[in-house]
Amino acid sequence: MENLQTQGISLPGLGLGTFRMQGEACRAAVESALGLGYRHIDTAEMYGNEDAIGAALAASGVARRDLHVTTKVWHENLAPDAIRRAFGASLKKLKLDQVDLYLVHWPSRNMDLAAIFETLLGLKQEGRTRAIGVANFNVALLKTVVEEIKAPIACNQIEYHVMLDQTKLAKDLASKSIPLVAYAPLAQGRAASDETLISIGRKHGASAAQVALKWLLDQDGVAAIPKASRTESQRANLDALKLKLDDEDRKAIAALPKGRRFVNPGFAPAWD
Ligand SMILES: NC(=O)c1ccc[n+]([C@@H]2O[C@H](COP(=O)([O-])OP(=O)(O)OC[C@H]3O[C@@H](n4cnc5c(N)ncnc54)[C@H](OP(=O)(O)O)[C@@H]3O)[C@@H](O)[C@H]2O)c1
C-alpha cells in the first residue's frame, strides 16, 4: 500500500474509519481489519470507541511502529487546558503512550487558533503525538494556520467522494504539500448503488464501492478512510487498490453530479 509522507510521518493511503462503531462490535471489526493488513485506524474522542480500539490494538500483536493511529479533539474542547485533558483521556483509552496524528475535529466559530496550535505543538514536542493536523478546515482557516501561525499541519481531513466537488480545497492543499484525507469516501455507502459506478465496476470485475475508492486513491496526495464493519467489505476495500481505472472511467465519474455534501453540522463555520 502506498504511504503519504507528511511532517515526519508515513500515512498509509488506505485506513479504516470507525465512526458509529461501538463496543465489542468495534473491537472485533478493528481486529479483523488489522488481521487483513490495515495499518491506519481513524478514531476520535467523539466516536466513543477509543477504548474498544485500544483493546483491538493491544490484542492484535501488530508492532506499534507498524501502526498509524489518528484521533481527534472535539470542537467543544479547544481551550488549551481542555485539549490537554481530552488528549490525555484519548491516550489512556487507546492504551498508547503516543498517537501518530492528533487532529482538530471541527473548527468552531469562537476558537483561538494561535492558542490551539501552541497547545498541539506542545503535545508534539513532548512526543505524545508524532504529528498534528486539522479536519473540516476551509481555505481561509488553512491560510491562517499555515501562513500566519506556521503550524506544521500533516493533513486536512475532509468529506470527499465521487458525489462532492472538492477541487478548490484539493488544489489549495496540494499547493501547500498537505495531504487530503478523504472521509465518507463511499458517500456513506451510497456509492455502492450508483449506476454509473456499477457499470464501470462491471467492466473491470469490481464493485461500485471499489471504483469510488480507487478514484480517490489514484489522486496525488489523497488518502481515504472508508468505514467497513464487515470483513468482506474491509477486504473488498483493500482489493480496490489493485483496480486500474482508465480515462473513460474518470470522464464518467467527473460527469456525476458533485453537489452532495452529507456531513454538515450546524456548529461549524461556513465552507466558503
Ligand atoms: N473528520 C470528520 O469530521 C469526519 C466526519 C465523518 C467521518 N469521518 C471518518 O471517516 C470515516 C468514513 O466515513 P463514513 O463512515 O461516514 O462513511 P463511508 O466510509 O463513506 O461509508 C461507510 C458505509 O459504507 C459501507 N461500506 C464500506 N465498504 C463497503 C463496500 N466495499 N461495499 C459496500 N459498502 C461498503 C459501510 O458498511 P458496513 O460498515 O456495514 O460494512 C458503511 O455503511 C468515518 O468512519 C470516520 O472515521 C470523519
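**View 1. Lining of the largest pocket.** By class, this lining comprises 19 nonpolar, eleven polar and six charged residues; Ala, Val, Leu, Ile, Met, Phe, Trp, Tyr, Cys and Pro count as nonpolar, Asp, Glu, Lys and Arg as charged, and the others, Gly among them, as polar. The model is predicted: local features need pLDDT of at least 70 and side-chain atom pairs pLDDT 80 or more, whereas totals for chains, interfaces and linings use all residues. Residues are numbered from 1 along each chain as its sequence is written, and side-chain values use heavy atoms, with hydrogens and water left out. The space in the largest pocket amounts to about 810 Å³. Among the 36 lining residues, F19, R20, A184, Q188 and K227 are the closest to the pocket centre. Helix 9 (residues 231–239) gives the most to this lining, with four residues. A pocket is an open set of points on a 1 Å grid over the protein atoms alone, where a 1.4 Å probe fits, with protein on both sides within 12 Å along at least five of seven lines; lining residues have an atom within 4 Å of a point. A volume is the space filled by probe spheres set on the points, which are joined across faces, edges and corners.

**View 2. The second largest pocket.** About 250 Å³ of space lies here. Of its 14 lining residues, E2, L217, D218, V222 and L241 are the closest to the centre. Strand 1 (3–6) and helix 8 (208–217) each supply at least two lining residues; helices (H or I, at least four residues) and strands (E, at least two) are DSSP runs numbered from the N terminus. The lining has six nonpolar, four polar and four charged residues.

**View 3. Burial of strand 5.** Six of the six residues of strand 5 (residues 68–73) are buried, so the strand is largely enclosed by the rest of the structure. Buried means under 20% relative accessible area (1.4 Å probe, protein chains only). H68, T70 and K72 on one side, and V69, T71 and V73 on the other, are all buried.

**View 4. Neighbours of strand 5.** Strand 4 (residues 40–42) pairs with strand 5 in the parallel sense over three bridges; pairing requires at least two DSSP bridges between two strands. D42 has T70 as its bridge partner in strand 5. Strand 5 also runs parallel to strand 6 (residues 99–104), joined by four bridges. The bridge partner of T71 in strand 6 is Y102.

Conventions. Buried < 20%, exposed > 50% of the residue type's maximum accessible area, 1.4 Å probe, protein only.
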